[in-house]
Amino acid sequence: MEIKAETMKRCELLSVSGRVDSSTAPELEKVLLGLIQSGQKNIVVNLKDTDFISSAGLKALLSALMKVRKMIPAGDVVISEIRPELRESFVLVGFDRLFTFYEDNMRAVGSF
């Protein structure tokens, strides 16, 4: 797994590539929580190059989402460019009702 972070005007854009499984999910969670602790509350996670996401990866995303939504004013974690097969994982566990999905980074970043 590889994570590239890019600071935008109103949010942080994370591009995640490779497999997010039980061995790599802690790194994703560490990056997300590090951004939140540094004051960033609006995060776009691009999953275009992500081949697989396990329950541990979903937990890392959910953990970040819960933390930013408790902030005042509340923030958000949104998903961009997700592959259809990965989107099925989100739908199966009901995360499609928690996260907002965007077709491309421009729309996702523009949502903030």
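Predicted model: local features only at pLDDT ≥ 70, side-chain atom pairs only at ≥ 80, totals over all residues.
Strand S4 spans residues 76-80. 5 of the 5 residues of S4 are buried, so the strand is largely enclosed by the rest of the structure. In a regular strand, side chains alternate between the two faces of the sheet. In S4, Asp 76, Val 78 and Ser 80 point one way. Val 77 and Ile 79 point the other way. Residues on both sides are buried.

The pairing of S3 with S4 is parallel and runs over 5 bridges. Within it, Asn 46 has Ser 80 of S4 as its bridge partner. Between these two strands the chain passes through helix H2, and this β-α-β crossover is right-handed. S4 and S5 (residues 100-102) are also parallel, with 3 bridges. Here Ser 80 stands opposite Tyr 102 of S5. The chain goes from S4 to S5 by way of helix H3, in a β-α-β crossover that is right-handed.

Nonpolar side chains in soluble globular proteins tend to be buried together. In this model the largest nonpolar core holds 28 residues. Val 45, Leu 61, Ile 79, Phe 90 and Phe 99 have the most contacts inside this core. Six elements are listed as giving two or more residues to the core: strand S2 (12-20), helix H1 (25-37), S3, H2, S4 and H3 (84-92). Ile 79 illustrates the packing. Beyond its neighbours within four places in sequence, Ile 79 contacts Val 45, Leu 47, Leu 61, Phe 90, Phe 99, Thr 100, Phe 101 and Tyr 102. A second core of 7 residues is separate. Cys 11, Leu 13, Ala 108 and Val 109 are among its members.

Aromatic rings were examined next. The whole structure contains 4 aromatic pairs. One of them joins Phe 90 and Phe 95 edge-to-face, at 6.4 Å centre to centre and 65 degrees between the planes. Phe 90 has 0% relative accessibility and counts as buried. Phe 95 is buried too, since its relative accessible area is 11% and the cut-off for burial is under 20%. Phe 90 also pairs edge-to-face with Phe 101, at 5.5 Å centre to centre and 90 degrees between the planes. Phe 90 lies in H3 and Phe 101 in S5, so this pair ties together parts that are 11 residues apart in sequence. Phe 101, like Phe 90, is buried. Ring pairs link Phe 90, Phe 95, Phe 99 and Phe 101 into a cluster.

Arginine side chains also meet aromatic rings. Arg 87 places its charged end over the ring of Phe 101, 4.1 Å from the centre. Phe 101 is therefore part of the ring cluster and also lies under a charge. Elsewhere, Arg 19 lies over the face of Phe 52, 4.3 Å from the ring centre.

Ser 54 is buried, with a relative accessible area of 12%. Apart from neighbours within four places in sequence, Ser 54 contacts Val 20, Asp 21 and Ser 22. Ser 22 lies 32 residues away along the chain.

Key: Residues numbered from 1 in each chain as written. Heavy atoms only, no water. Buried < 20%, exposed > 50% of the residue type's maximum accessible area, 1.4 Å probe, protein only. Contact = heavy atoms within 4.5 Å. Core = buried A, V, L, I, M, F, W, Y, C linked by side-chain atoms within 4.5 Å. Helix = DSSP H or I, 4+ residues; strand = E, 2+ residues; numbered from the N terminus. Pairing = 2+ DSSP bridges. Right-handed = clockwise from strand over helix to strand, strands pointing away. Phe/Tyr/Trp six-rings, centres within 6.5 Å; stacked < 30°, edge-to-face > 60°. Lys NZ or Arg CZ within 6 Å of the ring centre and 35° of its normal.
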